[in-house]
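Here are some questions a student may ask about the words used for a protein model, with answers.

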Amino acid sequence: MHTQKKIGLVLTGGGARAAYQVGVLHAVSEILNGTGWAPERNPYDIICGTSAGAINATALACHADDFTAGLNKVVQVWENFTAEQVYRADSLGVLRSGARWLSLLSFGWLMRQWKANPPNSLLDNTPLVSLLNRMLNLPRLDAALVDGKLHALAVTASSYTAGKHITFYQSEVDIAPWVRTQRVAVRSQIGVEHLLASSAIPLIFPATPIYCEGRREYFGDGSMRQMAPISPAIHLGADKILVIGAGRLLEPAIDPAVHAQYPSLAQIAGHAMSSIFLDSIAGDIERLNRVNHTLSLLNDEQRSRTPLRPVEMLTIAPSERLDTIASRHIGSLPRPVRMLLAGIGATEVRGAALASYLLFEKSYTCELIALGRKDAAAHKNEILAFFASQRTDEKGSAESKNTDRSVVEPTLTG
C-alpha cells in the first residue's frame, strides 16, 4: 500500500526580500495546476516560516482549504505594498522613532541626564498589526488543521529574555516538543503576536512580548540564533522539503574592488543583517549535504542504528543579487525614511543591502516576485519530479511513479 510522504515548506526571513518567496510559490502552483493538480488542494502538509517568511507561511496556512485562492491574495498584498503598511513612514513617525534613536546613540549620556524615555527601535511597526489582521483568518487556520488540510504550522522567534531560539508550532496531531541546545519548541495557538515577534528585525523594529511557558518574555526576529532552520519541518514530520531562500545561495558574488573603501554604517549593518538572515540556511544545507553523503555510505543495518535519516529537499533561491535590485528602487521609499537611511549611507549602492530589508514598496517587491517566478520556471523539471509522487488521480492512486530526483539533500532529525 502506498503511503504518501509529507511535504514541508520552509520560508526563510529577510524583510521585504520575502516578496521573492511569493513569486516562487506562485510559479510552483502554476506548474502543478498545469499537470492537473486541483487548484484548491494544498501542496504542503507542513509549513514553517521565519521573520517575514513566518507571515507568508501563516497567511498560506490560513487558506489551506483553498490554496491557490489564498496564494493569489498573498501575491496581491505583495504586489501593492507600501512602506506605510509595515512601519510609520511619515515625518512625525520617523522623528519619534528613528531620529530620536540615532540621537540617543550620539548623545545618550546627555539624554540619560534628562531621564528621557528613549525609543525602542529605529522604526515604529504599529501599522503592521492592521495589515496582519487583514491578511489572516486564524479561525480558518484552526479549521484547516482540524479537517486535515494542513498537518502543522510553525513560526520561529528569538527570546531576548531567555536567550533562546523558540519554535512555536500548532497542530491537531500529537507532536511532542523538542529541546536542543539553545533552541526549543513550544506548542501554541499561533497568533498575531507570534508573527510580530518573528518579524521584529533587530534594532529596526521593537521587541514583542509573548507569554511563554507561564511567563512574559520579549522576542525578536526568528532568524537570530537560528542554527538549524530546516529542523522544525523534520520534527513536525516532513519527509520532503521545499526550501525557498532569500539570497546568497545562488546569487552572483560581489566584486570587492567595486566597494574597496571604508564601509559605511549602512554597509556594516547590511552585512550583519545578511549574516542573521541568510547565512544560517546556507550553512544548514551545506551541513545536511555532508550528512546525507555519510548516510549513503552506510548499509541498512548501520542506518538503523542512527537517528539520522535522509530527506529529499528542493532548494530555490535568487539567481540575482537582491541588494543590487534594491539599489534601483531606494527612490521609491517615502522621503522621511529615505532621509533617515541617507544619514547612515543606506541610499548608496554599497549600503543597499540594509535598504533591501526595508523596501516594502511595490516597485521593488514586484521585481522580486518576477524574479521568483523566473527562477522557479528554470527549476520546472525538478519541481515536477519533487511533487511527482503527490500527484494523484480522482481515485487517489498515484499518477506518477517517477523516482528520478534532481535535487536530493539530507537533513537531521535534530
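Q: In which sense do strand 7 and strand 8 pair, and over how many bridges?
A: This is a predicted model. In it, strand 7 and strand 8 pair in the antiparallel sense over five bridges. Two strands count as paired if at least two bridges are found between them, and here there are five. One example is tyrosine 211, whose bridge partner in strand 8 is arginine 216.

Q: What do strand 7 and strand 8 form, and how many residues lie between them?
A: They form a hairpin, with two residues between the strands. Glutamate 213, in the turn, has a positive phi of about 50 degrees.

Q: How do you know that strand 3 and strand 8 are paired?
A: Three bridges join strand 3 (residues 152-159) to strand 8 (residues 215-221), and pairing needs at least two. These strands run antiparallel. Alanine 157 has aspartate 221 as its bridge partner in strand 8.

Q: What makes strand 1 largely enclosed by the rest of the structure?
A: Strand 1 covers residues 7-11, and five of its five residues are buried, so the rest of the structure largely encloses it. Side chains in a regular strand alternate between the two faces of the sheet. In strand 1 both faces are covered: Ile7, Leu9 and Leu11 are buried on one side, Gly8 and Val10 on the other.

Q: Which strands pair with strand 1, and in which sense?
A: Strand 9 (residues 240-244) pairs with strand 1 in the parallel sense over five bridges. Leucine 11 has isoleucine 244 as its bridge partner in strand 9. Strand 2 (residues 46-50) also runs parallel to strand 1, and four bridges join the two. There the bridge partner of glycine 8 is isoleucine 46.

Q: What do strand 1, helix 1 and strand 2 make together?
A: They make a right-handed β-α-β unit, in which helix 1 spans residues 19-33.

Q: Why is helix 1 called oblique to helix 15?
A: Two packed helices are described by the angle between their axes and the distance between the axes. The axes of helix 1 and helix 15 (residues 362-378) come within 7 Å and cross at roughly 40 degrees. That makes helix 1 oblique to helix 15, since angles under 35 degrees count as roughly parallel and 65 to 115 as roughly perpendicular. The crossing of helix 1 past helix 15 is right-handed.

Q: How do you know that the buried residues of helix 13 line one face?
A: An α-helix has 3.6 residues a turn, so residues three or four places apart point the same way. In helix 13 (residues 335-342) the buried residues are Pro336, Val337, Leu340 and Leu341. Seen down the axis of helix 13, they fall within an arc of 130 degrees, so they line one face. The face turned away from the buried side carries the exposed residues Arg335 and Met339.

Q: What makes the buried residues of helix 6 line one face of the helix?
A: Helix 6 (residues 138-146) has Leu141, Ala144 and Leu145 as its buried residues. They fall within an arc of 95 degrees when seen down the axis of helix 6, so they line one face. Pro139 and Val146 are exposed on the face turned away from that side.

Q: Why does phenylalanine 168 count as buried?
A: Its relative accessibility is 2%, and buried means under 20%, so phenylalanine 168 counts as buried. This residue is found in strand 4 (residues 164-170). Phenylalanine 168 and alanine 154 are 14 residues apart in sequence, and their C-alpha atoms are 5.6 Å apart in space.

Q: Is lysine 240 buried or exposed?
A: Lysine 240, in strand 9, has a relative accessible area of 1% and is therefore buried. Its C-alpha atom is separated by 9.2 Å from that of phenylalanine 387, which is 147 residues apart from lysine 240 along the chain.

Q: What is the phi of serine 51, and is this residue buried or exposed?
A: Phi of serine 51 is near 60 degrees, a positive value in a residue other than glycine. Serine 51 lies in the loop between strand 2 and helix 2. At 1% relative accessibility, serine 51 counts as buried.

Q: Why does leucine 203 count as exposed?
A: Exposed means over 50% relative accessible area, and leucine 203 has 58% relative accessibility, so leucine 203 counts as exposed. Leucine 203 is found in the loop between helix 7 and strand 7. Its phi is positive, about 75 degrees, although leucine 203 is not a glycine.

Conventions: Residues numbered from 1 in each chain as written. Predicted model: local features only at pLDDT ≥ 70, side-chain atom pairs only at ≥ 80, totals over all residues. Heavy atoms only, no water. Buried < 20%, exposed > 50% of the residue type's maximum accessible area, 1.4 Å probe, protein only. Arc of directions from axis to C-beta. Right-handed = clockwise from strand over helix to strand, strands pointing away. Axes fitted to C-alpha atoms, helices over the stretch in contact; angles between N-to-C directions. Parallel < 35°, antiparallel > 145°, perpendicular 65-115°, else oblique. Left-handed = near helix turned anticlockwise from the far one by under 90°.
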